[in-house]
Amino acid sequence: MTQANDDAAKDARMEWLLRERIGNETPPDLEHAVLAQLQTEPTPVAIPNRNNRLLVAAIVVIGVAAVFAVSQITGDTPAAVSNPQQGEPEFVTWQDPALVRSRQDIEALPADTKQVFGINLDNDALPALLRLRKLEAIALTVSTFEAKRGGPLKPKTDPVYFTDEGFERLASMSSLRALVLEGHIKLKGHGLVRVVKDTGLRELTLTSMAVTDKLLAELAQLPLQALRLHGSQEFGDAGIKAIAASKTLREVSLRGCTHLEQEWIANLANLKSLETLNLSGIGSHTLFSGIRLSPLPEPTPGSGVTDRVVRAVAPLPKLRSLDLGSADVTDKGIAALKESRSLRQLGLQSITELTAAGAHCLPNSLTSLNLLGHRDLDSQLLKALLGRPNLTDLNLGWCRNPSLDAIEQLCKAAHLRTLNVSGWKLTDAERDRLSKLAAQINFGKQPKRR
Amino acid sequence: MPAFSHQPHGPSLLAKDMEASAFVRKHQTALWRFLRSVGCDAALADELTQDALLVALRREVTTREERTAAAFLRTTARNLWLKRRHADRRRAEQLFDAAEQLWQTDASTDGGNALLDALDQCLAELPERSTTALMRAYRDGASRGELATELDLSEHGVRNMMHRLRNALRECIERRMQ
């Protein structure tokens, strides 16, 4: 370190100290911004690490080459191969969206920006987005809570919202494909409907929003392919009936909509085009109902996801992915899935009522099963999974430690690709033994052994 | 915001979010201060802190030891910052290395709190006129011209005074940190 560099570094440090101590400049609270941004990214299938990056890259190259080769043989274009079942384009994958907090931030973005994550933008800032002609995906969130110096979170006194009048100016963005709105409770509907209608939007996610039956009825008339209502409120039977009448929806998520009643959710049995359905975290049996930082008041919990709901949606002919996490379902409800030919992914995390009897009824088509948090994962339940020849991905994280013999038997029979055992108390020897059982093991965070 | 994360969705995501929240709360202040101590302005420090935290969370650095995670964050922030300094990258690298050494010596264990405490003590020892000048400049954002009028100095005199003050504070802090 030369003297000049040392001096420059000390000067810079002095400047920071004075700005923070005298200038009242404070370190930011980025907790919610960081978490919100993380949530717009797809959940990784497996934990990437330095050692397997080259392997992944090689697999990707080989995969692309294979797709290209197939397309040459069959005459298909690679794009058409992206979703062999439907021939539909895939949904947007969020990748490092540009983070903006003001009109000036937006104006500084390159013209070819494709994804934007906006925090606390108001009516005045939104029109600046119109300059970005290639914008495909926008997420807009409101910061409604704040913490000072690591203190407890408190409601913000002056959260920044936009209104329908400001928002509908985005209706001319013809390139827009995906929209995520969170906490914008001043948005009542007509501006949103106009944007969805005029842009030809494919995916809409409304998180912590007041969504009325009337709004859902209007949205369901439009050619949306994915509608996610995470932790949103106000809609009920009529709204879900309207969703079920859609001609285009392939994905619906009601995750965390704790006010829903089982009769309402069962209406989704009429949505024959449905491929992905997320019903996790709903109802009074949800482990985490009551833990929320929504700007909306906590709703009265409904009866939520029960055996009746599972029996209703199980026959959906195209259903490939179903998440029932924390639902109040039993073996009897799970048994309804037995005849499914389409189901590939099933989330049964934190469903303690599942026993070996229910596991015997899981469909043979299943390739991915999430049993995270099961408190009574005994050998009999694991043996029941032996009969699932196509199972390649299994999440047993935070389950009470089952017998390793049973796990070993299961892994060998099922040819597991990934196994999640995070939260298990393992000795080094047990860890080594497990490492040989699947191509990718996620040990995650493990409690310390006494 | 009560991000998507805090909705009552599945427990796996919630547990992960809680872990991520704790990680962000633990490291954000020290990392931001470090960037400010390197010379980033506050807005850029906000941005780089957030980006570095995101990189760390994506790579599951949360499971590493606290000191290792903090070092990872500083290195990531350094790389993000250097990406923006094409024109004078070499100079920026040298400055960053010097700042990193200073940080390791004085601030790596407490995120810079001891430095701020030392500054408090040094400020208490300053004559009133000097304190006033610092308050007007840093707290109120007064220009050099305004300070010159108020302190009955030339603008050049104000510049010299501020330079001397900062040097005196710097030396005082170094003495107290030894």
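**Exercises on a strand and a helix pair**

Strand β2 (residues 115–119) of chain A runs parallel to β3(A) and pairs with β3(A) over five bridges, where pairing requires that DSSP finds at least two bridges between two strands. This is a predicted model, in which local features need pLDDT of at least 70, side-chain atom pairs count only at pLDDT 80 or more, and totals for chains, interfaces and linings use all residues. Residues are numbered from 1 along each chain as its sequence is written, while chains are lettered from A and ligands numbered from 1 in the order in which they are written.

**Exercise 1.** Determine whether the residues of strand β3 (residues 137–141) of chain A are buried or exposed.

*Solution.* Count the C-beta atoms, placed from the backbone, around each residue: 20 or more others within 10 Å make a residue buried, 12 or fewer exposed, and counts in between partly exposed. By this count five of the five residues of β3(A) are buried.

**Exercise 2.** Find which residue stands opposite T141(A) in β6(A).

*Solution.* First, note that β3(A) and strand β6 (residues 178–182) of chain A pair in the parallel sense over five bridges.

**Exercise 3.** Describe how the axes of helix α6 (residues 128–139) and helix α7 (residues 144–151) of chain B cross.

*Solution.* The axes, lines fitted to C-alpha atoms over the stretch in contact, with angles from 0 to 180 degrees between N-to-C directions, come within 10 Å and cross at roughly 155°. Therefore α6(B) is roughly antiparallel to α7(B), since angles under 35 degrees count as roughly parallel, over 145 as roughly antiparallel, 65 to 115 as roughly perpendicular and the rest as oblique.

Methods
Helix = DSSP H or I, 4+ residues; strand = E, 2+ residues; numbered from the N terminus.
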